[in-house]
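Welcome! Please take a moment to look at the sequence and the model before reading on.

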Amino acid sequence: MSYHKPEAKTVQDLKDLAQKLRIHSINATQASKSGHPTSCASIAEIMSVLFFQQLRLNLKHPRDPSSDRFILSKGHAAPILYAAWAEAGLFPIEDLNNLRKIDSDLEGHPTPRLNFIDVGTGSLGQGVAVGAGMAYVGKNFDKADYRTYVVVGDGESAEGSIWESLHFAGHYKLDNLCVIFDVNRLGQSEATSLQHKLDVYRDRLEAFGFNAVVVDGHDVEELSKAFHCAAITKNKPTAIIAKTFKGRDFPNIEDLDNWHGKPLGDKAAEVVKHLQGLIVNKNVKLAPKPVPKTGAAPDVDISNIKLSSPPAYKLGDSIATRLAYGTALAKIGQNNLRVVALDGDTKNSTFSDKLKKLDPERYIECFIAEQNLVGVAVGAACRRRTVAFVSTFATFFTRAFDQIRMGAISQTNVNFVGSHCGCSIGEDGPSQMGLEDIAMFRTIPGSTIFYPSDAVSTERAVELAANTKGVCFIRTSRPNTCVIYDNEEPFTIGRGKVVRQKSSDEVLLIGAGITLYECLAAADQLEKNCITVRVIDPFTVKPLDAELIIEHGKQCGGRVVVVEDHYQQGGLGEAVLSALAGERNFVVKHLYVPTVPRSGPPSVLIDMFGISARHVVNAVNEILKD
């Protein structure tokens, strides 16, 4: 497909639209008395060419599965993104003056409260990962013609997560992905480290497997040619390295420091007048390209996902919940072809490899790059194209907390599965032990946290997570645990299980995962001394079954012992304490891992760090003395 140079009128129209976008950005930030007009100005021609010459969009349905994707990774330039959609005709230009107002969804950084935004951006360094996830789905699952474009700021390209994602895109030859680097030289507080060293950007991107094209980012003809080059390049993604200037065409502001994140104030009128003088056709109007009827994305149904067969265990079988996760993942994968697994080179430990064995194409290896792993999953789940399950050791999700947090802002439905939790993993030592993971995921708005204790409940947790909106986290364990539930046992989010009870019970024990079994062992020991205790398995830590805990806690005289393989802060114990905070006449003893553990056999460690059956027995005896 040969390149046809745009007509002179089209070139001028695109230039004029770029100036209009600058003016809208100034006016919107003036109205809100805050924002980033100079950061918008550096990408005005990029946005003009993208929106009015390249992107194939459906204004009636902005999230049309077959339309091109656009992610503004430098989310602080939101005003010009909103201006582009307004100029395209999605909503009235006047609405741009509602930027950042409390009753407007035109927020300071984009979020999916707007129907034309797929993901929240603005926490820098994350857009390429999401774009790579979208592109991977488009190329390998949808097998559709839509393309994905990501605009990255040069300041954020210092983030390591950007380079994780560029490596991923290059490795998987995502030729439907185009990343545009806005190299405007200036950061927030000073110049970027590379400033305008475009050859360094080019060399780095070529080394990462990209078709790297250097352009004048304010020349619409060069941009048009570069985007054409990107569209016809096969077997590698394209990076357009655009030399731009912050505050472009703003007299006495362009390329000057100390203008980041500031409206133009008393200089605005003068700048707008100057920009208006640069516009040839004051009434310029262009429309985005329509979505072509050919190469469309297929219809997809990701509702009502089920295990292809029910759990098939015998009571007393000894099975690790991480293994049951892999079994369940393959089962829901058999039920729905849009279930996909992503992992960070731990698939033979998390057992996500069971889906790979079922269908290698639906397993995405993200290697040891957890920030990109999470971002790719968020992108893969966008527009309801897949049901994504992301697995690694629970503790390694901590390095991707910002991506998970932004996933919640992006209204993602990604499911996270963290294995190797707690000191019960044993000899590998504290660097591998997930002891903060429940606390981390509990803070995520709208999240659901499953902590299954046996294989049956794990399979049902996976099935439930696949159908649950928002971020889900399933905490799986390394040691084998006994199957305690019948295969037909029903499980519901927010509903725990009483696994042991007698009318004479004096204390309520609450444990999850391996500590549930420590509670049961302690109950056996206590019964030999004529003390009976009740035991609850919460199944989900968030939402917690407060009603069940309060009801049975009262029946046990208000005496509760919570035991968890997690640090004190933010885990199961504090969830229980929070649930009981408004209740009278309760006393709670909380057993947890009190300090950084060490290497050793699992049984020795859980005893050394105070969460074994022996310590549960002591806690019960103490609480009965009080």
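Predicted model: local features only at pLDDT ≥ 70, side-chain atom pairs only at ≥ 80, totals over all residues.

Residues are numbered from 1 along each chain as its sequence is written, and side-chain values use heavy atoms, with hydrogens and water left out.

**Domains**

The protein is divided into domain 1 (8-282), domain 2 (317-483) and domain 3 (497-624), with bounds that come from an automatic or database domain assignment. The centres of domain 1 and domain 3, taken over C-alpha atoms, are separated by 53 Å. For residues 319-483, an unreviewed UniProt entry gives the feature "domain: Transketolase-like pyrimidine-binding"; UniProt positions follow the numbering used here, feature names are shortened, and annotations may be inferred rather than shown by experiment. Over residues 319-483 the chain is 39% helix and 19% strand, and the end C-alpha atoms lie 7 Å apart. Helices (H or I, at least four residues) and strands (E, at least two) are DSSP runs, numbered from the N terminus.

**The parallel sheet**

Let us turn to the sheet that holds β3. Its five strands form an open sheet in the order β1-β2-β3-β5-β4, and the pairing is parallel; two strands pair if DSSP finds at least two bridges between them. β1 (69-72) and β4 stand at the edges with a single partner strand each, so one side of each is left without a neighbour in the sheet. From one strand to the next, the twist averages 20°. Axes here are lines fitted to C-alpha atoms, for helices over the stretch in contact, and angles run from 0 to 180 degrees between N-to-C directions.

Helix α3 (residues 44-54) packs on this sheet, touching β1, β2, β3 and β5, and its direction makes about 175° with that of β2. Contact means heavy atoms within 4.5 Å.

| Strand pair | Bridges | Facing residues |
|---|---|---|
| β2 (residues 148-153) and β3 | six bridges, parallel | Tyr 149 and Cys 178 |
| β4 (residues 211-216) and β5 | six bridges, parallel | Val 215 and Ala 242 |

Gly 153 also stands opposite a β3 residue, Asp 182.

How many of the residues of strand β3 (residues 177-183) are buried? Seven of its seven residues are buried, meaning under 20% relative accessible area, with exposed over 50% and partly exposed in between (1.4 Å probe, protein chains only). Leu 177, Val 179, Phe 181 and Val 183 point one way from β3, while Cys 178, Ile 180 and Asp 182 point the other way.

**The mixed sheet**

Another open sheet has five strands in the order β14-β16-β15-β18-β19, with mixed pairing. β14 (497-500) and β19 (587-593) are its edge strands, each with a single partner strand, so one side of each has no neighbour in the sheet. The twist averages 25° from one strand to the next.

Strands β15 (residues 507-511) and β18 (residues 559-567) run parallel and are joined by four bridges; Leu 509 has Val 561 in β18 as its bridge partner. Helix α18 (residues 546-555) lies across β14, β15, β16 (533-537) and β18, running at about 175° to β16.
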